[in-house]
Structures are given as C-alpha cells and as structure tokens.
Amino acid sequence: MDRAVCIHGHFYQPSRENPWSGEVGVQRSAAPYHDWNERVAAECYTPNTAARILDADGMIAEVVNTYSRISFTAAPTLLAWLERHRPVIYESIVEADRESRERYAGHGSAIACCYNHLIMPLATRWDKQTQVAWGVRDFAARFDRAPEGMWLPETAVDLESLDLMAGAGIRFTVLAPHQAAGVRPIGVEDWTDVSGGRVDTTMPYLCRLPSGQSIAVFFYDGAIARDVAFGDLLSDGRRFAGRLTGAFSRGSERPELVHIATDGETYGHHRAFGEMALAYCLKTIEEGGDARLTVYAEYLAAHPPTHEVAVCERTSWSCTHGVGRWRGECGCHSGTHPGWSQAWRGPLREAIVMVRDALAPRVADEMAAHVRDPAEARDDAVGLVLSRWSDEATAAFLQHAPGNLSPDERRRVLALLELERQAMLMQTSCGWFFDDIAEPGSVQVMRHAKRAMDLARQTIGLDLEPAFIGILSRAPANDPEYTTGAEVYEALVRPAAADLARIGAGAALYALFDLEPPAVASGMYAVHGDWRYRSDAGGWRRLLGTVRVRARATGDEALLDAAALFAGIDRVVSGVLEPGDDEGLRTVWVGMMGPDPAGAVTGAFTRVYTASDLSDEERWAIARRTAPGIGQAVCAAYRDAAALIGVLDDLGIPAPGAAAHLLAHACTERLLAMLGGGCTDPDRFFALAEEMRARDLAPDLAGLGEAASRRITLSFQAAAARPGDPAPLEEIVRTVRCTKVFPLPLILWESQNLCIGMRGHYAEMQKRAGRGDGDAERWAKAFGRAAACLGVRVA
C-alpha cells in the first residue's frame with residue numbers, strides 16, 4: 001500500500017510592469033520595499049530557497065529548499081521578474097526542480113501555468129490557445145524539460161481549456177474539491193454525484209474531453225488547505241505534518257494521496273515564518289515513515305486513474321459563484337472593506353471585452369497579410385518576450401513572413417504582436433479580484449488596455465479609447481478620491497503612458513545622475529545618448545546632447561536633442577525636440593549656463609517636463625541618489641555649530657532642541673564608521689553608545705542595523721574567500737557584540753547561508769586541529785564563535 005503526501009504551492013505575481021517602459025514602478029503600499037514583487041520576494045520566495053529548521057535551543061540546524069520537495073506552479077510573469085531582479089533566487093528555484101527529478105523518479109516539482117493568469121473560461125479560444133502555448137514554451141525554456149502539469153489560473157475550469165492543455169501535452173491539472181460534479185469507475189456507465197465537495201480527494205481522476213483526448217485531474221483536500229491558508233496550522237510544523245498524515249483512510253488497502261494546494265505566498269508572506277513550518281513539516285513526514293513525499297507527476301505515473309470525473313465548468317477555487325468574481329458583483333471580496341461595492345467589476349469586464357473583441361478580427365486580418373500562419377506566428381512570439389526582444393530573436397521570428405518585409409512592414413508586424421500581448425495582459429485575473437477599481441490590480445489591466453489601444457490607433461487606425469472611457473464612467477469607485485473608473489483612468493492610467501519623446505527625456509534625466517533608465521534595464525528600449533555638454537556649476541546639474549531611442553518590441557525609433565536640469569527635487573526640468581545642428585545645441589548650452597537655466601530649456605525645447613511631471617519611479621530614483629546629501633548637510637551644520645554647542649554644554653546652558661538632533665546625527669555617523677570598519681575597537685563603540693544614552697540622544701537604529709548587517713555579510717564573504725584566515729570570523733564576533741549595545745535590528749539571511757555553507761570546511765578544520773594543527777584550531781574556534789553569534793549550529 002502506497003501512502004503519499006503532496007503539498008502544492010501556487011507561486012504567482014501578476015505583471016506589474018509599466019506597459020510602456022517594461023519596468024515595475026515604485027508602489028507606495030509596499031513600503032519599505034520598492035514594490036510588491038520585492039516585498040513578497042523578501043518575505044516568501046527567498047526564504048523558501050533556504051527555509052530554516054531550528055533545534056531545541058533555537059539554533060539553525062538545517063536549511064531546506066522547499067521548492068525541491070513540494071509541487072509548485074512556475075508562473076511565467078513571476079519567474080520573468082525573478083530572473084531579472086533576483087537571479088540567485090531564480091536559479092535556486094530552477095535547481096530545485098532539477099533536484100526534485102532525482103528524488104521523484106525523474107518527475108520535477110514544477111508545473112506550468114497559463115501564461116498571464118487570465119480567467120480561462122472568460123477568454124476566447126484564440127487567447128486560450130496562446131495562454132497554453134506560451135505557458136508551455138516559457139516553462140520549457142526555463143526548466144529545460146516539457147511540463148507534465150499545468151495550473152489553471154484561480155483553478156477556473158472549462159472543457160475547452162482542458163482540451164487545449166491536453167493537446168499541448170499536459171497530463172494533469174489540479175482543482176478544488178467542489179469543482180467535481182460526478183465520478184464513476186472507468187468502464188462503468190452510472191455516475192455518482194459528488195457535487196458540493198464530496199469527491200474522494202485521495203486519488204487522481206480521468207477527465208474525458210470533447211476532442212476524444214483526456215487529462216488527469218487531482219482534487220485537493222479542501223479542509224486542510226483552508227486551515228493552512230486561513231487557520232493556524234502553520235503555527236506548528238509538526239502539527240501540520242500530523243494533520244496531513246492523519247488524513248489517510250483507516251484500513252484502506254489501495255494507494256492514497258493526501259494533498260493540498262494553496263497560494264505559495266502563504267509560506268512566508270501571508271503567514272510570517274510559514275516557510276519554516278513547511279520545512280519542518282516536510283522533514284517530519286520524511287523521517288516519520290508513515291507516508292512518503294511525492295509530486296503529482298510521480299504519483300500519476302505510479303497510480304494511473306481508476307475512475308473518471310465530470311467537472312463543474314466555469315467554476316474556480318476563489319469564487320463560490322463560479323467565475324462571477326471576474327465579471328460582476330457576485331458578493332466575493334477580500335474582506336478588507338466589507339461595506340464596499342463591487343459594481344465596478346461588470347463595467348470593467350465590459351470595457352476590456354469590448355477592446356478584445358474589436359481588436360481580434362482586425363489584427364488577425366492584418367497579420368494574415370504579412371505572415372504565412374498567424375496562429376503559429378502568435379504562438380511563437382513568446383520567444384521574443386523570453387529574449388526581451390533581442391535582435392537575434394526578432395530576426396528569427398520574422399522568418400514567419402513569406403518574403404522579405406520592408407522596414408515599415410517589420411515595424412507593423414512587431415507592433416501588432418505587442419498589441420496582442422497587451423490585449424492578453426489586460427485580462428489578467430487580478431484586475432477584478434480585489435475591492436476597488438482604483439486598486440493596483442485594476443489600474444494595471446487598464447494600463448495594458450491603454451497600451452493596446454494606443455498601438456491599435458497607430459497601426460490600424462482604430463481608436464477605441466473614447467468608448468472604453470465611456471464604459472468606465474459607469475463603473476462606480478469606492479475610493480472617495482474618485483467617483484468612477486473614468487476618473488481613475490485619467491488620474492492613474494493616462495499619466496503612465498510614455499512615447500519615444502518621454503522615454504528620451506527620461507533617459508536624459510537618468511543620465512544626469514549616471515543611472516540606467518528603467519526602460520533600458522527592462523529590455524524594452526535601446527537608448528544611446530551622446531551627452532556633449534555637462535556641468536554642475538552654480539548649484540545646477542546640467543546635461544545636453546542627443547539621444548537615440550528604439551522600442552525593441554515595436555521597432556519604432558527616434559533621434560532627439562535632449563536636455564536635463566536639476567537643482568533639487570522640486571526644481572527639475574527636462575526637454576526634447578527634433579534634432580538640430582551642432583550650432584543650435586551650442587546656443588542652447590550657452591543659455592543653460594546663464595542665469596536662468598530652466599528658462600533656456602523651456603524656451604528651446606518643444607516637449608518640456610518639470611518636477612510635477614515626474615513619475616513616482618523617477619522621483620524615487622532621484623531621491624535615492626540624492627538622499628545622502630541630507631546627511632552631508634546635517635554633518636556640515638553640526639561642524640559649524642559644534643564649538644557653540646560645546647560652550648553651551650560646558651556652561652550648563654540648555655541647548656536648543658535642534659542641537660540635540662545635530663549631535664545625535666554626528667554620533668550616529670561615528671558609529672556607522674566604526675561598524676563599516678569592522679569594529680576594530682569595541683570599547684570606543686561602547687563608550688560612544690554610553691555617551692549617547694547619558695545625553696538621551698536617539699541613534700538611527702535602522703541605519704546602524706543595516707550597516708552592521710552589511711559588514712557581517714562582507715566579513716563572511718571574506719571568510720569564505722580566505723578559508724584559513726580567522727580574522728574575518730573574529731571581526732564578525734566583534735561586530736555582533738557591538739550591535740547588542742542598543743540592540744540593533746539585523747538582517748542575517750545571507751550571512752547565515754554563507755555560514756551554513758562553510759560547515760563542511762569547519763568539520764575538516766576540526767579534524768586538522770585534532771591532529772595538532774594550531775592554526776586550524778584557532779580558525780575552528782573563531783568559526784564556532786561566529787556561527788553562534790548568527791544562531792547557526794555548527795555540528
């Protein structure tokens with residue numbers, strides 16, 4: 001009898017990229033992180049690559065890459081972001097799938113996902129086909145194998161989607177228990193009604209499809225999944241394991257699979273330290289002997305379905321009304337704002353469908369005039385996205401054309417493909433999931449819709465925006481700042497749009513601070529600036545030259561004269577215009593170096609942007625680059641006032657409150673310098689800290705903690721690079737000792753991982769010490785002390 005357990009995590013983030021620049025902008029609600037992708041990565045995706053298992057003393061005894069032991073969704077939009085922004089985590093996830101194949105008889109832990117998480121039953125067959133094809137291609141490119149399973153977004157199911165998945169080679173999917181309507185043993189005529197979640201979830205089922213194909217379906221254990229996602233089961237990893245192994249049938253002689261599926265973000269983001277409970281659960285099951293861990297593909301290969309199932313079409317795991325959550329006011333909501341109305345959902349769905357249905361036939365006709373097989377070309381276009389529109393991938397893709405295309409035709413084909421991509425992204429499920437049309441998910445799908453409409457107007461002369469806004473005017477907003485979706489569109493969607501001129505002006509502004517423009521970092525644009533004039537004289541940063549901007553996704557390009565000025569975050573000017581001659585640029589530069597630089601730019605350039613036109617992302621980038629100047633200004637103010645403050649202190653005269661702030665900052669700067677140097681003299685650190693305490697001066701604890709964490713990591717990196725030198729390890733001990741004076745908040749994740757990775761070397765040094773090697777003994781003792789400071793068990 002085979003008793004197996006499978007835990008599935010649906011790890012997913014929507015596309016949050018600005019549709020014009022291709023980069024995720026700053027999201028204030030995710031503070032202190034730049035955006036929600038960064039925040040969830042820090043709280044969930046990263047910890048799950050090395051989840052901690054603690055011993056009885058609270059020391060880290062083991063780490064587990066949970067992705068290698070559970071089943072997980074490899075959502076393309078999330079993995080694309082991780083690949084660019086968290087490459088180490090991305091590689092750890094890919095490696096986990098390779099490792100899982102060794103553990104699970106050649107079957108990997110990752111399964112594919114429909115490309116951008118649209119609700120499949122609400123999509124056209126054309127979009128469903130592309131969602132499946134792109135999901136399969138994206139998975140194969142990342143994991144170097146074909147996917148065996150595929151996740152349906154929100155588990156929203158219909159037979160047509162299952163048929164397309166089966167046709168693409170997908171062997172199974174996962175659904176909620178209430179999505180089963182009836183079951184019967186294979187070969188038996190009569191069905192047994194299992195509606196309402198009464199299906200036996202311990203076996204896979206065969207679902208026969210209209211085309212004659214079939215696909216296997218696993219229905220997860222709903223009760224345990226709910227307790228993991230919404231209860232307290234993740235408060236104790238051992239109890240979590242016991243709940244799973246206790247769900248097997250008593251006395252059953254047939255193989256059984258106990259399995260659950262939840263949002264992967266449950267493990268660390270929704271539930272703090274949930275990844276640790278998951279890791280301990282996995283360890284407990286592996287060592288307990290009552291059941292074994294598995295993944296769906298392995299279990300299916302060992303135990304093919306003995307029963308078939310009829311699924312409830314147009315149902316999902318997160319809406320009790322089928323798929324009503326994504327098309328109207330069904331009553332489902334997040335619970336955050338119980339009094340809010342979801343009447344906006346219907347008009348938003350209507351507006352998106354209007355754009356989709358108006359564009360599809362026109363684009364199909366246009367594509368048919370330029371490529372041999374429009375469907376094949378569209379499915380193959382995911383290669384452009386995966387390569388970030390590289391020149392090589394673009395040239396290869398254009399082989400779909402029956403002959404040589406003119407430059408205008410090439411740009412037209414690429415623009416049509418980008419239009420179709422945006423038209424799929426505008427259907428992403430998150431647009432309707434939450435509580436208001438002004439929330440980020442809804443704003444994002446409207447931005448994708450605007451990008452699609454902009455491209456339609458440019459390429460096929462079809463202007464859908466007035467009708468789109470008209471429908472949104474019937475979408476009531478809950479946020480008191482807006483009345484309707486049309487107002488949300490004007491406030492939050494239209495300002496995000498950027499043409500080549502706006503990208504060029506932004507490139508000049510970023511160049512002023514030697515920063516890479518996000519539009520370039522994303523791969524969406526190629527930008528080449530020739531900045532012939534630059535000056536920081538007279539309190540103004542100035543830059544002038546020419547910039548060539550090319551949109552990789554569409555092939556459009558422009559050459560522009562561009563200028564940028566900065567004299568403070570509230571005094572920013574940039575401008576662009578059609579290129580002139582060298583003499584014209586020189587004349588502009590003379591004006592920019594004069595008494596009114598801003599006037600020179602506004603008078604010479606046809607497109608001018610000021611501080612009020614900056615995007616939040618531009619403000620964020622400039623603020624981060626210029627923020628150190630605040631500390632420098634405070635230090636300068638303290639130096640100017642230090643003598644006077646000393647006299648006041650000596651005479652016992654109370655100093656003004658501002659003086660205390662200046663003194664606290666100056667002392668903090670000295671502490672930061674000591675931490676940055678590895679705390680070579682802890683007594684100096686302790687003395688200064690005690691002086692601050694006696695004077696009731698408040699240090700910058702967050703800044704000090706960040707500096708200490710950074711120094712500890714650098715020290716461990718040095719220890720790893722110099723495996724016989726105890727000095728970096730001794731520095732760690734000193735630094736940690738200093739941090740306990742306040743105490744400081746430390747981020748030790750990377751340092752702990754480095755320490756854990758050196759435990760093998762520690763064991764070797766212990767052996768050498770036992771043979772009388774004094775240097776090895778000193779190193780081993782230093783490592784043991786450093787590991788203890790980080791809470792890592794060395795043995």
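Ground rules before we start. In this predicted model, local features need pLDDT of at least 70, side-chain atom pairs count only at pLDDT 80 or more, and totals for chains, interfaces and linings use all residues. Residues are numbered from 1 along each chain as its sequence is written, and side-chain values use heavy atoms, with hydrogens and water left out.

The sheet, then. We have an open sheet of 5 strands, in the order 15-16-17-18-19, with antiparallel pairing. Helices (H or I, at least four residues) and strands (E, at least two) are DSSP runs, numbered from the N terminus. Two strands pair if DSSP finds at least two bridges between them. Which strands stand at the edges? Strand 15 (525–535) and strand 19 (607–610). Each has a single partner strand, so one side of each is left without a neighbour in the sheet. Look inside: strand 16 (541–551) and strand 17 (557–566) pair in the antiparallel sense over 10 bridges. Thr546 stands opposite Asp561 of strand 17.

Two helices lie across this sheet. Helix 19 (500–512) lies across strands 15, 16, 17, 18 (572–577) and 19, and runs at about 40° to strand 17. Helix 22 (597–604) lies across strands 16, 17, 18 and 19, at about 25° to strand 18. Axes are lines fitted to C-alpha atoms, for helices over the stretch in contact, and angles run from 0 to 180 degrees between N-to-C directions. Contact means heavy atoms within 4.5 Å.

Next, a helix pair. Helix 28 (727–739) and helix 31 (774–789) pack at about 30°, with axes 8 Å apart. Helix 28 contributes Leu729, Glu730, Ile732, Val733 and Val736 to the contact. From helix 31 come Arg778, Trp779, Ala782, Phe783, Arg785, Ala786 and Cys789. By class, that is 9 nonpolar, no polar and 3 charged. Here Ala, Val, Leu, Ile, Met, Phe, Trp, Tyr, Cys and Pro count as nonpolar, Asp, Glu, Lys and Arg as charged, and the others, Gly among them, as polar.

How many cavities of 30 Å³ or more does a search of the whole structure find? It finds 2. On a 1 Å grid over the protein atoms alone, a cavity is a set of points where a 1.4 Å probe fits but cannot get out; a pocket is an open set with protein on both sides within 12 Å along at least five of seven lines; lining residues have an atom within 4 Å of a point. Grid points are joined across faces, edges and corners, and a volume is the space filled by probe spheres set on the points.

The largest cavity has about 70 Å³. Its lining includes Trp134, Trp389, Glu418 and Arg421. Helix 14 (407–425) gives the most, with 4 residues. The lining has 8 nonpolar, no polar and 2 charged residues.

The second largest cavity holds about 50 Å³. Among its lining residues are Phe11, Tyr45, Thr73 and Ile93. Helix 2 (76–85) supplies the largest share, 3 residues. The classes are 10 nonpolar, 1 polar and no charged.

Last, the second largest pocket, at about 1600 Å³. It is lined by 39 residues, with Tyr33, Ala42, Thr46, Ile747 and Trp749 nearest its centre. Helix 27 gives the largest share, 5 residues. The lining has 20 nonpolar, 10 polar and 9 charged residues.
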